[in-house]
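Student: I would like to learn how to read the local features of a structural model, one feature at a time. Could you take me through the idea behind each feature and then the case at hand?

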Amino acid sequence: MADARRQGRDAEPLPGTVLRELGRERGVFIGTAVRAAAQRDNKAYRQLVAAQFASVTPENEMKWGAVEAKRGELRLEDADRIVGAAQDAGQAVRGHALVFHSQLPGWVEGLGRAELRTATRAHIRRMMGRYRGRVAIWDVVNEPITDGGELRRSPFLDKLGPGYIAQAFRDARRADPKAKLYINEIGGEGINPKSDRLYALVRDLKARGVPIDGVGFQMHVNLAGLQPTYVENLRRFAALGVEVAITEADVGVRLPPTPAKLRKQAPIFAAIVRGCLAVQACKHLTFWGFTDGHSWISTTQPGWGAATLLDEQLRPKPAFRAVQRALRR
Ligand code: XIL
């Protein structure tokens, strides 16, 4: 009951200029991951998404496992809800994620080579076709590299071979010629074996004329801070002639989140922002959720949480003001 009452309440206004406006003045779209259920059930959450952000990314609602858990039975209400709300709020949508080893339906894992090839193309066409003109940017391939710098084992690599990546981008370009097509990776924010392999991959795709427009760096970090080579890394990718973006920023904290830890978290968020602002080709910065009440770090990483800008009651943490300040100067 108490919770139901709270969920019908208006959001407390956040201090200062909204993030989307601060970002606009610096030429950067400030975005957040959103959850359809929270947007539906929680008025304050819904209001803050609409007020603060220039773009949204459905956190899970467009993943293959979410839209087609049973072969041929499509479930797109949640994705539709997010895209509709974004249109109402004048926001861009980043589609996430078409070819991804994780959160796949079981039936896809069981397909043979030819069937997997056909089903993957159909999935790309279906998703991009449905949201043509409404989803501006797609993560076409997500997390294709291992930390060691190899192509990651997945049904796609195992059955279709390394060419699955180029094929996905070609299929995607045909499905929506106007959408920006991204490859998105976790843990490749600094210069390391993973980002070296990603760099070689993107360079090769560009050299072969494969239609790729951008590289997303997820930026799931913690109080250990950023890789010192973060900006240098963004720049080397930009020099390949692609856009770059920060796509899933959060800064995890070991529980409990003491005031001292939250003070330490703030400058790390600020440094993420400043890094993107320092690179001409970085035009999008998305946080992976904006409240600790709806953050994957809290729900999927035991012992960790407090990874976002607002606490569970949607009150600003030091990180929120630090992001505002970083955007302002
Ligand atoms: C995560 C979601 O945030 C969780 O809710 C879900 O349980 C698992 O997936 N990299 C990605 C995202 O590209 O899709 C992942 O999202 C986080 C890591």
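Predicted model: local features only at pLDDT ≥ 70, side-chain atom pairs only at ≥ 80, totals over all residues.

Student: How should I read a disulfide, and which cysteines does the disulfide join here?

Tutor: A disulfide is a pair of cysteine sulfur atoms within 2.5 Å. The structure holds one disulfide, and it joins Cys276 to Cys282 with an S to S distance of 2.1 Å. The link of Cys276 and Cys282 is left-handed, with -100 degrees about the S-S bond.

Student: Is Cys276 buried or exposed?

Tutor: The term buried means under 20% relative accessible area, exposed means over 50%, and partly exposed lies in between, with a 1.4 Å probe and protein chains only. Cys276 is buried because its relative accessible area is 1%, and Cys282 counts as buried because its relative accessibility is 2%.

Student: What makes a salt bridge, and how many salt bridges does the structure hold?

Tutor: A salt bridge is a side-chain nitrogen of Lys or Arg within 4 Å of a carboxyl oxygen of Asp or Glu. The structure holds 23 salt bridges. One of them is formed by Arg35 with Glu59, whose closest N and O atoms are 2.9 Å apart. This pair links distant parts of the chain, 24 residues apart, with Arg35 in the loop between strand 1 (29-34) and helix 3 (36-41) and Glu59 in the loop between strand 2 (55-58) and helix 5 (64-67). Helices (H or I, at least four residues) and strands (E, at least two) are DSSP runs, numbered from the N terminus. Arg35 is buried, and Glu59 is buried as well.

Student: Which residue does Glu243 form a salt bridge with?

Tutor: Glu243 forms a salt bridge with Lys180, and the closest N and O atoms are 2.6 Å apart. The pair links distant parts of the chain, 63 residues apart, with Glu243 in strand 9 (residues 243-254) and Lys180 in strand 6 (residues 180-185). Glu243 counts as buried because its relative accessibility is 18%, whereas Lys180 is partly exposed, with a relative accessible area of 34%.

Student: Which parts of the chain does the salt bridge of Asp196 and Arg236 link?

Tutor: In this pair, the closest N and O atoms of Asp196 and Arg236 are 2.9 Å apart. Asp196 lies in helix 11 (residues 193-207) and Arg236 in helix 12 (residues 230-238), 40 residues apart. Asp196 is partly exposed, with a relative accessible area of 35%, whereas Arg236 counts as buried at 18% relative accessibility. Elsewhere, Arg75, Glu77, Asp78 and Arg81 are linked in a network of salt bridges.

Student: How is a patch of positive charge defined, and which residues gather in the patch on the surface?

Tutor: Patches are made of residues with over 30% relative accessible area and no salt bridge, where like charges are joined within 9 Å and nonpolar side chains (Val, Leu, Ile, Met, Phe, Trp, Tyr) within 5 Å. Arg274, Arg321, Arg325, Arg328 and Arg329 gather in a patch of positive charge on the surface. Helix 15 (residues 318-328) gives the most to this patch, with three residues. Arg329 is in the segment after helix 15, and it is exposed because its relative accessible area is 64%.

Student: Where are the cis peptide bonds, and what are their omega values?

Tutor: A cis peptide bond joins His96 and Ala97, with omega about -5 degrees, and Ala97 is found in the loop between strand 3 (92-95) and strand 4. A cis peptide bond also joins Leu255 and Pro256, with omega about 0 degrees, and Pro256 lies in the loop between strand 9 and helix 13 (259-277).

Student: What is the phi of Gln103 and of Ala306?

Tutor: Gln103 has a positive phi of about 50 degrees although it is not a glycine, and at 38% relative accessibility Gln103 counts as partly exposed. Ala306 also has a positive phi of about 50 degrees without being a glycine, but Ala306 counts as buried at 6% relative accessibility.

Conventions:
Residues numbered from 1 in each chain as written. Heavy atoms only, no water. Areas by Shrake-Rupley, 256 points an atom, 1.4 Å probe, with all protein chains shown as cover. Lys, Arg positive; Asp, Glu negative; His and termini not counted. Charge placed at Lys NZ, Arg CZ, Asp CG, Glu CD.
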